[in-house]
Amino acid sequence: MPSSPQAAAALSPIAREVQRVDPDRFLTALFAPAEFREDVLAVYAFNSEIARIRETVHEPVLGVMRVQWWRDTLEAIYRDPQAVPAHPVAQALAVTIHRHTLPQELFDELLEARERDMDERPIPDQESLALYVRCTGGHLTRLVATVLCGHDASVGEVAGKVGAAYALGGLLRAVPFHARHDRLYVPTEILNDHQADIAGLLAGKIDAGGRSAVAELRAAATTALREARHVWKGSVAADHRKAAVAAVLPGTMAEGYLKRLERAGDDPFESRLAVPTRRPVTLAWRAWRSTF
């Protein structure tokens, strides 16, 4: 990993963009083997492009059009790499897809889930939320794991769980941001079950019911990480753990935030949670031990 200003300055344009918009995943990508690092960053750069669509358009219909552009671009990548648009992320992604035979269906489902971001209605229930985090964070992490380790079913299972847990933690971390834009990713069903004040939540205030709803989702993310570690230790070969560890290191990031959220009384509006906490030493230690 870059250890000096000179090394950081040598980052590719794709790497610098991921560093700017997705610093957590950028940091974990630095633990990937050098020969695969740019491929990992190309996948993360694609994710950054589509994850930020809703925040970069004034009208949801424009976001849908942007998702469709990426859908058409991916069709071109798989059909004829020479026909890829002159877009730096698309061209880097095309190289990565064909170098590692990445499955198109994961991209298709990821884009379908991201199109849901343009829907201004709240997520209705736990099942819908689980599908969303599985197809966004889960599929993204599975793609990175495939870059690093090939098509290993056990690694893919772990990557899917870790990525979904990271995505769920990210949605909890983003509650204040989404509330400011009259959006909610905490399912209405769960909020109602806990008798949470939804209007208050959108206004930036959380009551006991809201904290209880957040606690339920935090516990679900924590359970997913625990289950992923069980499979990682029990079913993934040691050499594959070493090869793919950079893909699952976001689980360490998620674990840290979830613990901080619990200490904050499951209040995502707690000011201390707005300050990112990144511990490269912890990541390095876990990467060295081939765990997360």
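Trainee: Within what distance do the axes of helix α2 and helix α4 come, and at roughly what angle do they cross?
Mentor: The axes of helix α2 (residues 13-21) and helix α4 (residues 34-51) come within 9 Å, and the crossing is at roughly 50°. Axes here are lines fitted to C-alpha atoms, for helices over the stretch in contact, with angles from 0 to 180 degrees between N-to-C directions. The model is predicted: local features need pLDDT of at least 70, side-chain atom pairs count only at pLDDT 80 or more, and totals for chains, interfaces and linings use all residues. Residues are numbered from 1 along each chain as its sequence is written, and side-chain values use heavy atoms, with hydrogens and water left out.

Trainee: Why are α2 and α4 called oblique to each other?
Mentor: Angles under 35 degrees are roughly parallel, over 145 roughly antiparallel, 65 to 115 roughly perpendicular, and the rest oblique. Roughly 50° falls in the rest, so α2 and α4 are oblique. The helices themselves are DSSP runs (H or I, at least four residues; strands are E, at least two), numbered from the N terminus.

Trainee: What is the handedness of the crossing of α2 and α4?
Mentor: The crossing of α2 and α4 is left-handed. That is the name when the near helix is turned anticlockwise from the far one by less than a right angle; clockwise gives right-handed.

Trainee: Which residues of α2 and α4 meet?
Mentor: From α2 they are Ile14, Ala15, Val18 and Val21, and from α4 Glu38, Leu41, Ala42, Tyr44, Ala45 and Ser48, where contact means heavy atoms within 4.5 Å. By class, the contact of α2 with α4 has eight nonpolar residues, one polar and one charged. Ala, Val, Leu, Ile, Met, Phe, Trp, Tyr, Cys and Pro count as nonpolar, Asp, Glu, Lys and Arg as charged, and the others, Gly among them, as polar.

Trainee: What makes α9 oblique to α15?
Mentor: α9 and helix α15 (residues 238-248) pack at an angle of about 140°, with their axes 8 Å apart. On that angle, α9 is therefore oblique to α15. Their crossing is right-handed. Thr141, Val144, Ala145, Leu148 and Cys149 of α9 make the contact with His240, Ala243, Ala244, Ala246 and Ala247 of α15. Eight of the residues in the contact of α9 with α15 are nonpolar, two are polar and none is charged.

Trainee: Why are α9 and α10 called oblique to each other?
Mentor: The axes of helix α9 (residues 126-149) and helix α10 (residues 153-173) cross at roughly 130° and come within 6 Å. The helices α9 and α10 are therefore oblique. The crossing of α9 and α10 is right-handed. Residues in the contact include Gly137, Gly138 and Thr141 of α9, and Gly156, Gly160 and Gly163 of α10. The contact of α9 with α10 divides into eleven nonpolar, seven polar and two charged residues.

Trainee: Why does His100 count as buried?
Mentor: Buried means under 20% relative accessible area, exposed over 50%, and partly exposed in between (1.4 Å probe, protein chains only). His100 has 12% relative accessibility, so it is buried. His100 is in helix α7 (residues 88-100). Beyond neighbours within four places in sequence, His100 is in contact with Phe36, Asp39, Thr146, Val147 and His151.

Trainee: With which side chain does the side chain of His100 make a polar contact?
Mentor: The partner is the side chain of Asp39, at 2.7 Å. The term needs N or O atoms within 3.5 Å; within protein, one must be able to donate a hydrogen and the other to accept it, and residues adjacent in sequence count only if both atoms are side-chain atoms.

Trainee: Why is Gln195 called exposed?
Mentor: Gln195 has a relative accessible area of 71%, so it is exposed. Gln195 lies in the loop between α12 (188-193) and α13 (198-202). Phi of Gln195 is near 55°, a positive value in a residue other than glycine. Most residues other than glycine have a negative phi.

Trainee: What is phi of Ser290, and why is Ser290 called buried?
Mentor: Phi of Ser290 is positive, near 55°. The relative accessible area of Ser290 is 13%, so Ser290 is buried. Ser290 lies in the segment after α17 (280-288). Leaving aside neighbours within four places in sequence, Ser290 is in contact with Trp232, Arg241, Lys242 and Val245.
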